[in-house]
Amino acid sequence: MEREWLFSLIPLAIGVVFLGFGVYGLRRASVLRRTGVDAQARIVRHEARRDDDGGYTFHHPVAAWTTLDGTACEYSSRFGRTAIGNGFRVGAHVTVRYDPKAPQRFEIKGWDKGSVDLVFTVLGSIFTVGTVTVLLVRLLTL
């Protein structure tokens, strides 16, 4: 086996990173479903972030709410979209589910989608398993 096998480390690395992000997001969502607390919140503003190419602007709603112990919270969603629906404009009332031990871990119901984490997990699994399979077949057929 020559040096070409080094090129297979690229999709393997991409797969492992995607898999890591996806699993982290799915675990986070699972913890919020089990131990999270719902609260009424209000969208106070949107943080606009441009993608690396500068072509798209992603809007991340910032939700403000008060926890059960009376702590005021104001955090930006980790998910951004290019368009803002009527239900998520500034001043809109939304429901958030937050972790009582770490309120910065939260999701805005109807905005944050678990499908993004699932896509990362599936793609990461495909890249990782596919690359490892190709490497094993290549090693076994030398």
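Student: At what angle do helix α1 (residues 9-35) and α2 pack?
Tutor: This is a predicted model, where local features need pLDDT of at least 70, side-chain atom pairs count only at pLDDT 80 or more, and totals for chains, interfaces and linings use all residues. Residues are numbered from 1 along each chain as its sequence is written, and side-chain values use heavy atoms, with hydrogens and water left out. Axes are lines fitted to C-alpha atoms, for helices over the stretch in contact, and angles run from 0 to 180 degrees between N-to-C directions. The two axes lie 7 Å apart, and the packing angle is about 145 degrees.

Student: How many nonpolar residues does the contact of α1 with α2 have?
Tutor: Contact means heavy atoms within 4.5 Å, and residues meeting that way include Phe18 and Gly22 in α1 and Phe120 and Thr121 in α2. Ala, Val, Leu, Ile, Met, Phe, Trp, Tyr, Cys and Pro count as nonpolar, Asp, Glu, Lys and Arg as charged, and the rest, Gly among them, as polar. Eight polar residues and one charged residue take part, and the nonpolar count is 13.

Student: Is valine 116 buried, partly exposed or exposed?
Tutor: Valine 116 belongs to helix α2 (residues 115-140); helices (H or I, at least four residues) and strands (E, at least two) are DSSP runs, numbered from the N terminus. Buried means under 20% relative accessible area, exposed over 50%, and partly exposed in between (1.4 Å probe, protein chains only). Its relative accessible area is 33%, so valine 116 is partly exposed.

Student: Which strands stand at the edges of the sheet?
Tutor: Strands pair if DSSP finds at least two bridges between them, and here five strands make an open antiparallel sheet in the order β3-β2-β1-β4-β5. An edge strand has a single partner, so one of its sides is left without a neighbour in the sheet. Those strands are β3 (72-76) and β5 (102-108).

Student: What is the bridge partner of alanine 41 in β4?
Tutor: Strand β1 (residues 37-50) runs antiparallel to strand β4 (residues 93-99), and six bridges join them. On the β4 side, alanine 41 finds its partner in valine 94.

Student: Which residue stands opposite arginine 49 in β2?
Tutor: Eight bridges join β1 to the antiparallel strand β2 (residues 57-66). Across from arginine 49 you'll find phenylalanine 58.

Student: Which residue in the turn between β2 and β3 has a positive phi?
Tutor: β2 and β3 pair in the antiparallel sense over five bridges. They form a hairpin with five residues between them. The positive phi, about 90 degrees, belongs to glycine 70.
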